[in-house]
Protein chains: 2
Amino acid sequence: MNYIGIDVGGTSIKGGFVSESGEILHRFGFPIEKGLPQEEYINRLADLINEEIVKNDYRKSDFAGVGIGCPGSIDSELGVCDYSNNLQWYGLPVVSIIEKRTGMPCRITNDANAAMAGEAKFGVGKNYRNLVLLTLGTGVGGGVYIDNHLYGGNKGKGAELGHTIIAMDGEPCSCGLKGCLEAYASVSALIRQTKKAMEKDKNSLMWDYVAYDIDRVDGKTAFECAKQNDKTALEVVDQYEDYLTIGLVNFSNIFRPEAIILGGGLSNQREYLTDALAEKLKAAQYGYRHTPKVELFVSELGNDAGILGAAALFID
Amino acid sequence: MNYIGIDVGGTSIKGGFVSESGEILHRFGFPIEKGLPQEEYINRLADLINEEIVKNDYRKSDFAGVGIGCPGSIDSELGVCDYSNNLQWYGLPVVSIIEKRTGMPCRITNDANAAMAGEAKFGVGKNYRNLVLLTLGTGVGGGVYIDNHLYGGNKGKGAELGHTIIAMDGEPCSCGLKGCLEAYASVSALIRQTKKAMEKDKNSLMWDYVAYDIDRVDGKTAFECAKQNDKTALEVVDQYEDYLTIGLVNFSNIFRPEAIILGGGLSNQREYLTDALAEKLKAAQYGYRHTPKVELFVSELGNDAGILGAAALFID
């Protein structure tokens, strides 16, 4: 059986026909032009799916269904995008439109949940039954995989792991609360932390790295300069990893998963990120001697995580 | 089918024969005399179970099995009490002893997990599929119920909800970390908070309530004096509820359960505790309009929660 995976991003909608083993057999997609009536994007997606099936000589029954990963607040039970800030979608009944226009079953979840499903079925998590995934990007997304199934919570609105308070009365978060993990461990937070440290140390190599233009600071700045042993950059990275470790400790104690997987932009730092985190996590482990270790991995699906994760929504 | 539920406490081991509907048909138990070889407690329990079955004219096949709730770090897969601080048990193979001596299947989990199972099968959680339970006592215990099953995590070592950091670099916790929920929301923490407030306000009604002996402060002191409108007591309760709300917000966002249940000693405050918490939780809810409400309940099983919860380990 094959699957259709759709990765809705901020600037484009990408899709793929995916095989049982996680091979992307065929790719398609289109850029998101802003300003259309919201149903138009989904109608256009349905048209494209039908067109690609026909042109490539597949038939409907070659596919178990159409899985969709979408940023925002998704009601995965009703199949509706309740709200997506980036896309400015409100109450968009994605699943019913796709099912009506293609005749195939359709499932939708948020992008972090889809990433979790992808890692569990095709990625570094495929030998595990209980997993937690954190996507480190503009925000901190979360996915939870329990007993070989993606965990949704009521209406699929759980696993908002970035919105867990780790610092009472701490940094303001986009959700309106204070001290959420997202406000400390997202790439946006790292950028803020990097800039703050640079303002305090005008001699840091990081200034050179961004050609003395602080607006060019991104999630790589501190990591790249830390690799060159810049003291301030090392401190920023160390502090950032301390923040992230709090989240890792919490999710370890809550879920005691076999592994936690890091995805999103920062996961490109790979071992440089995970080796230090694994040490910090080990040092903070609860009930040290009597508690099974939680492994720490970085996503290996890269840019295809979205398509593969969406496709995986149809694999039980 | 009936069940045998065993509630291991700090000072006694209590048991009951429990019916399908959660009625305790017969009770038994014995006090824990300190200082015996650890296997002796379990051998004695096995003797007592056999004796009660015979004396009351039951037979082994009248029971699905023996469920045990036990404080400490329990390996529920191997059926071993890895470590119980209170009881000074280390690597005690409880399940194998009971199974060998009674011929019945036996399951063991920690006391908070058992409480969760009891509430889900017989208590306020029985109409829900996804639940979180917090026991507010000496520590903060946690139980998680997912898709109609008790969640254990790897080797049953998950659901340590009290050991989630809510205050970076905060109050020291018994687990060795700083800022855990347990260090803010346990009864021990409330007592510490109460004493601290009393030291600052020598005119508080709370002094009168404890007959000017600060060592008599317990988990009720602030609540009882708050009911009499003592300003400092009201502040202590309000602050304590703010701390607890952080945990409730986090577990709501992580699990999006249908309900969270509060158990343990403090749950005796009932509506006085939950009404305020429900308001605070509502105000801090993530994605307000698009997120299903998380109900807040207090345990209704009272002193029988331990026996019923242990019995419920055999109900699927």
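**From hairpin to interface**

In chain A, strand E2 (residues 12-18) and strand E3 (residues 24-31) run antiparallel, joined by 7 bridges. Strands count as paired if DSSP finds at least two bridges between them. Helices (H or I, at least four residues) and strands (E, at least two) are DSSP runs, numbered from the N terminus. A:Val18 has A:Ile24 of E3(A) as its bridge partner. E2(A) and E3(A) form a hairpin, with 5 residues between them. In the turn, A:Gly22 has a positive phi of about 90°.

The model is predicted: local features need pLDDT of at least 70, side-chain atom pairs count only at pLDDT 80 or more, and totals for chains, interfaces and linings use all residues. Residues are numbered from 1 along each chain as its sequence is written, while chains are lettered from A and ligands numbered from 1 in the order in which they are written.

Now turn to helix H9 (residues 271-283) of chain B. H9(B) has 13 residues and reaches 18 Å from its first C-alpha to its last. That is close to the 18 Å expected at 1.5 Å a residue, where the expected span is 1.5 Å times one less than the number of residues. Its buried residues are B:Leu273, B:Thr274, B:Leu277 and B:Leu281. Seen down the axis of H9(B), these fall within an arc of 80°, so they line one face of the helix. The arc is that of the directions from the helix axis to the C-beta atoms. A residue is buried if 20 or more other C-beta atoms lie within 10 Å of its own, exposed if 12 or fewer, and partly exposed in between, with C-beta atoms placed from the backbone. On the other side of H9(B), B:Glu271, B:Asp275 and B:Ala283 are exposed. The buried residues of H9(B) pack against helix H8 (231-255), strand E12 (259-263) and strand E13 (295-298) of chain B.

How do the chains meet? The contact takes 38 residues from chain A and 38 residues from chain B. Two residues are in contact if their C-beta atoms, placed from the backbone, lie within 7 Å. On the chain A side, H8(A) gives the largest share, 6 residues.
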